[in-house]
Structures are given as C-alpha cells and as structure tokens.
Amino acid sequence: MTMEASMPRNGAELLRRAVDALLARLPASWSLRPAPNGAGGDRAVDAVFTLTAPDGQSAVLLFEAKSVVHGRDVPGIRQKLATYSSQVDNGHGVLVARYLSPQVRAGLADVGVSFVDTTGNIRVKMSTPGFYLADRGADADPWRGPGRPRGTLKGAPAANIVRAVADISRDWTIRELVQVAQVSAGTGYRVIDFLELEGLATREERGKIAVPSWEKVLRRWSEDYSFTGDGRVTRWIAPRGLDDLMKRVARTESVNYAITGTIAAAEWAEYAPARSAAIYTANAERAAADWALRPADAGANVLLVEPDTDVPFVRTITNSAGLRLAAPSQVVVDLMTGPGRNPQEAEELMEWMKTNERSWRTG
Amino acid sequence: MLDALEALADHRRAVVVIGAQAVYLRTGSAPVALAEATKDSDLAIDPRTLRDDPRVEAAMRAAGFLPDPRHGQPGSWVNADGIPVDLMVPETLAGVGGPTTRGARLPPHDRRAMRRARGLEATLVDSTVETVNALNPADPRVYEARVAGPAALLVAKTFKIADRIDTPRRLVDKDAHDMYRILIAKETEPLADGFRRLLADGVSAATTAHALDEMEVLMASGPQATIPVMAGRAEAGLGDPETVALSTALLTRDLLTALKRS
C-alpha cells in the first residue's frame with residue numbers, strides 16, 4: 001500500500017488519511033460514510049462514520065485521533081473508547097494514530113481495541129456487522145527525526161536492568177534495582193522511565209516499581225539488542241563437530257564464556273539438533289586456541305562474540321556436563337535476533353520459560 | 001555380514017572386515033548426519049593365513065551364497081536374502097596376473113572366488129579383533145572378527161576414490177563421507193601412529209605412502225578438493241556440506257603435518 005511521505009500536520013489530516021486507508025482496503029460492496037451530526041453521542045469524539053455491510057447492517061465508527069501513543073496509554077484509550085461506544089447504538093471505537101509501534105499494536109489487539117495508523121497498520125474487528133480488516137504498515141516510526149529523541153534499551157545499563165527485572169521476580173525500589181543491576185541511579189531512572197513510557201513497568205504506591213510481564217520486557221529488549229549486533233563477532237570451525245567442542249569447553253576453565261543459542265536452549269526446550277554453536281567469551285582468540293577452533297568463513301560452525309557488556313556473563317548456569325550456559329532470559333533474546341530457525345527456537349524456549357517460571361526466576 | 005563371517009568361519013584368521021561395516025564399527029559414536037547402517041559386506045582376505053581347506057567357493061556355497069549375477073565379477077557373492085558379500089585380496093598378494101586379471105590367483109581356491117583389489121594391503125596390517133553384532137537388533141548372534149583399523153580404512157578409501165577419479169559416475173560420495181567420519185572420530189595423534197605402523201611394515205609401506213600422496217592432493221589441499229567436496233555433498237539437505245568439507249580438509253592437513261614431523 002502507498003503511504004504519504006510527509007508527516008500528518010494535524011488531527012484533521014490524521015483522520016483524513018486514516019479514513020482513506022480504510023476506504024482503499026474496504027470490499028467493494030461495503031461503504032464507509034460520514035455519519036449525520038450528533039450520531040456520535042459524546043462530543044469529545046474526533047470523527048464519526050457509518051460502516052454499512054452489503055446486507056444493510058451497519059455500525060457507527062467512533063474515531064479517537066492521537067498523534068503519538070505509548071504502551072502505557074493503552075488502558076486509558078481502551079476505557080475512553082468503551083465509554084464512547086456505550087453511548088451509541090452499535091458503536092465501535094477506533095484509535096487513529098500517526099504511527100503505532102509493534103508493541104503498542106500488540107497491546108491494543110490484546111484488549112480488543114481497533115486501530116488505524118497512517119503508515120498502514122490496521123486492525124479493525126467487530127461482530128455486528130461481522131467485519132475484520134487487517135494490514136501491515138511500518139514497524140519503525142518514519143517521522144522520528146533527530147529533534148525528537150526516542151528512548152531505547154540500547155547499551156549496557158539498559159541490558160543490566162532488563163536482565164535483572166526478567167531474572168528476579170519482585171517489586172523493586174529504584175535503589176534496589178540500580179544496586180542489583182550495578183548501574184548509576186541516573187541511568188536507572190532513565191531506563192525505568194522508558195519502560196514506564198512503553199507500558200512495561202508501573203509505579204506502585206510508595207515508589208515501588210512493578211514489572212508485570214518479563215516476557216514483554218524481553219521482547220522489547222530484542223528490538224535494541226542482538227547476539228551479533230552488540231559485540232565483536234568472529235567465525236570459526238570446530239572440525240570434529242559440536243559434541244567434541246562441548247567436551248573441550250567443559251575441560252577448560254581459562255577464559256570466561258557463556259554458551260547461548262540452540263545449544264543452550266536445548267538444556268530447557270530442545271527444538272532441533274544444533275548446526276552451530278553460539279558462545280559469548282571475553283577473549284575470542286584465547287578461547288579458540290583453548291578449544292582447538294580454526295578461523296573459518298564458509299563452513300563455520302562456531303560463532304564467538306566478545307560482548308560490549310558483561311551482562312551475558314551475569315547469572316549464568318552450569319549444567320550437569322559442566323558447561324556454563326547463559327541465563328534463559330539472555331538465550332531467548334539471542335535466539336529472537338538470531339539467524340535461520342533461531343526465532344522459532346526462541347518461541348519454543350519462551351513457552352518453556354512461561355510454564356516453568358519458578359525454575360529459572362528467583363524471587 | 002554375520003552370514004558371511006559364518007560361511008568363512010574356518011578361515012577366520014584370514015578374514016578382515018573392511019568397508020562401511022568396518023567404518024561403522026570404528027566410528028559408531030561419531031556424531032554425523034548420515035545413518036551408518038548398510039547391509040553390504042566387504043571382506044579382505046589375507047592369503048598368508050588363508051588355508052587350503054575348505055575351498056572358499058565351497059564354503060560360500062555351503063552357506064547359501066552364489067556368485068552375484070548382477071556384477072559377473074570375481075569375488076561378488078549374494079545369498080537368497082539378497083545380502084551381497086565382496087571377497088577381496090590385496091593386489092600385491094593376489095598371485096600372478098596381468099593388469100586385466102580380475103580374480104585372485106590363489107590355488108587351490110577357485111580363480112573366481114575372490115577379487116584382487118588395489119590399496120587393501122594396509123587392512124591386513126592394521127586390524128584388531130572386535131566383537132561384531134548383527135545390524136538387526138533382533139539377531140542375537142555375536143562374532144569375534146578381525147576389523148580393519150582407522151588408518152587402514154583411510155588408505156583403502158583413498159585408493160577406491162583415486163582409482164575412480166577419471167570416471168566420476170563411479171565415484172560414491174558416501175566413501176568420502178566415511179573418511180570424514182573416521183577423521184572426526186579419531187584424534188590426530190593416534191591416527192598418525194596407525195599410519196606410522198603401516199609405513200614401517202613391508203606389506204603395507206608402498207601402498208600407504210602412495211595413499212598419503214593422494215590424500216595430499218585430493219583431501220588436504222582445501223575444502224574445494226575432490227574428497228572434501230564429495231564428503232560434504234553426502235550430507236546435502238541433512239547436515240552442513242560446507243562444514244563437513246572444511247573439516248575433512250583441515251583434519252587431513254593435521255594428519256599429514258603430524259606425519260611429516262615424525
């Protein structure tokens with residue numbers, strides 16, 4: 001679908017583009033027309049349209065336009081649209097926004113809020129008349145300029161905080177969190193503010209911070225962190241194969257390492273035989289020498305990463321074979337951002353983590 | 001295979017298990033993507049310890065084996081279940097015969113009972129007695145038999161591939177993959193020791209030296225060399241051909257370097 005290149009300047013243009021986007025995708029036998037004045041009930045509604053099915057059944061679409069929507073805004077929007085639609089016969093609320101991020105869209109879908117953004121992300125669903133329209137637009141804000149810095153979870157401090165709130169099940173004070181994550185208080189506040197803005201953390205009474213979903217935090221982290229994107233990557237071959245390599249790794253203790261990827265995931269949720277090994281190490285050349293690896297390009301079966309942060313080495317697990325594995329929260333994000341079938345393996349591991357939360361999260 | 005060993009029970013000391021069965025016995029634990037199971041049996045015969053009686057052809061027929069009509073070549077036998085057995089004698093020990101002679105001339109045994117084959121001398125020198133089970137887990141039979149060692153198997157496979165290199169349709173990728181399987185299952189130093197023993201024995205020295213020259217060109221020169229490429233291709237769609245090819249070349253280079261040092 002085509003997308004207008006310029007940023008919508010005001011609410012009216014936002015609504016016009018959203019209605020155009022719906023019209024462009026509407027089946028020929030359906031119609032979408034402005035509703036008569038007063039049909040929308042609440043005067044705060046930004047626009048009111050009538051959607052009519054081929055059999056004459058119709059619904060009243062109540063549009064709420066917002067330039068920017070963060071994850072934490074979702075509950076409020078759901079409430080507002082529910083109030084609007086309760087005042088109108090067969091009313092159905094639709095959020096219109098300039099751009100909606102994948103997390104916000106997932107949050108809206110979870111609570112059943114229909115939405116349209118001007119990049120073409122659409123999900124409108126109702127039962128009377130039976131109607132479902134969905135499309136995919138941009139996954140990154142095309143109008144995010146240098147003048148409007150967006151928070152991220154890039155960098156070591158964010159990584160440390162994400163891993164702490166994922167691995168440890170509790171409500172936190174800022175002081176406790178920065179202590180466990182070993183980051184400065186200022187950085188801690190910045191990261192928590194960002195998590196709050198994204199709807200991933202909430203402030204409880206007396207300043208406690210709650211993280212309702214470690215899964216959402218990890219998924220959000222995977223947008224800003226990846227196994228190969230946040231460190232120095234080197235490629236090697238273990239010529240006698242991965243089982244032989246694992247025996248060698250278990251025998252040597254000279255260099256700090258943490259196994260991640262398919263091999264680590266198999267400890268908790270085996271998915272498919274590993275074709276390659278993915279290992280964090282503080283010193284790739286020394287590890288390669290200890291483990292009898294040879295440099296390789298084509299045919300490599302081992303990826304070594306010297307990470308930019310120490311977080312992959314935090315809360316590692318030593319298995320029965322004597323191998324040091326990265327924590328599940330680290331492994332799952334590495335798999336989400338890995339090649340080949342890694343993302344499916346990540347989902348498999350995520351399922352295991354949800355079912356067995358007590359065996360890997362400490363409280 | 002056990003049927004063949006049973007047929008030649010009286011010649012047990014002269015019979016050495018070679019080929020895929022021997023590779024399987026030597027590398028059963030090597031983690032590779034191809035299944036090892038094969039019903040073909042290749043046996044090397046040592047003329048130095050082969051008795052006159054019973055005659056090999058009579059022993060084979062008595063155990064239900066007949067000359068394999070599909071090949072029409074000496075030494076190829078098959079039983080009623082379709083189990084093929086090849087009996088082969090290392091060329092330099094196979095008696096008189098010109099370049100076109102195919103049968104081993106070991107009277108009083110029939111000239112079509114066993115086939116002469118290049119490169120098998122090493123299997124008579126590098127072998128140990130091992131316990132051999134049936135492929136079928138329901139078959140309880142167990143035999144003690146001489147089985148070729150890993151160094152001898154590498155020599156034999158090198159000859160097999162090198163001899164066919166000019167007729168690519170006769171090249172079988174599985175042979176190269178068997179070599180890869182041996183290389184990853186055995187550490188370089190013990191394997192080099194096996195080669196040193198072969199080079200020190202008059203029966204196998206020339207064959208082994210020749211095989212090492214071929215391995216230099218066909219294996220160690222890099223992942224694009226003939227045997228690494230074949231080994232990798234054998235895993236196409238199952239494993240990782242590039243990794244197999246590179247491993248084959250690197251481990252052969254390691255072996256040759258170890259031998260040059262000594």
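User: How many residues apart are Arg163(A) and Asp167(A) in helix α4 of chain A?
Analyst: The model is predicted, so local features need pLDDT of at least 70 and side-chain atom pairs count only at pLDDT 80 or more, while totals for chains, interfaces and linings use all residues; side-chain values use heavy atoms, without hydrogens and water. Residues are numbered from 1 along each chain as its sequence is written, with chains lettered from A and ligands numbered from 1 in the order in which they are written. Helices (H or I, at least four residues) and strands (E, at least two) are DSSP runs, numbered from the N terminus. Both residues lie in α4 (residues 156-167) of chain A, about one turn of the helix from each other, and the separation is 4 residues.

User: How far apart are the closest N and O atoms of Arg163(A) and Asp167(A)?
Analyst: A salt bridge is a side-chain nitrogen of Lys or Arg within 4 Å of a carboxyl oxygen of Asp or Glu. Arg163(A) and Asp167(A) form one, with a closest N to O distance of 2.9 Å.

User: Which element gives the most residues to the side of chain B that touches chain A?
Analyst: Between the two chains, 7 residue pairs are in polar contact, both residues at pLDDT 80 or more. A polar contact is a pair of N or O atoms within 3.5 Å; within protein, one must be able to donate a hydrogen and the other to accept it, and residues adjacent in sequence count only if both atoms are side-chain atoms. On the chain B side, the elements giving two or more residues are α6 (173-185) and α10 (241-261). The most, 7 residues, come from α10(B).

User: What area is buried between chain B and chain A?
Analyst: Contact means heavy atoms within 4.5 Å, and it takes in 15 residues from chain B and 14 residues from chain A. Buried area is the accessible area (1.4 Å probe) that two parts lose on being put together, summed over both. Carbon and sulfur atoms give 48% of a total of about 1200 Å².

User: Which residue of β3(A) is the bridge partner of Val48(A)?
Analyst: Strands β2 (residues 47-52) and β3 (residues 58-68) of chain A pair in the antiparallel sense over 6 bridges. For Val48(A), the partner in β3(A) is Leu62(A).

User: Where is Pro129(A)?
Analyst: The peptide bond from Thr128(A) to Pro129(A) is cis, with omega near -10°. Pro129(A) is in the loop between β6 and β7 of chain A.

User: What is the phi of Asn90(A)?
Analyst: Most residues other than glycine have a negative phi. Asn90(A) lies in the loop between α2 (74-86) and β4 of chain A. Although Asn90(A) is not a glycine, its phi is positive, at about 55°.

Note on methods. Pairing = 2+ DSSP bridges.
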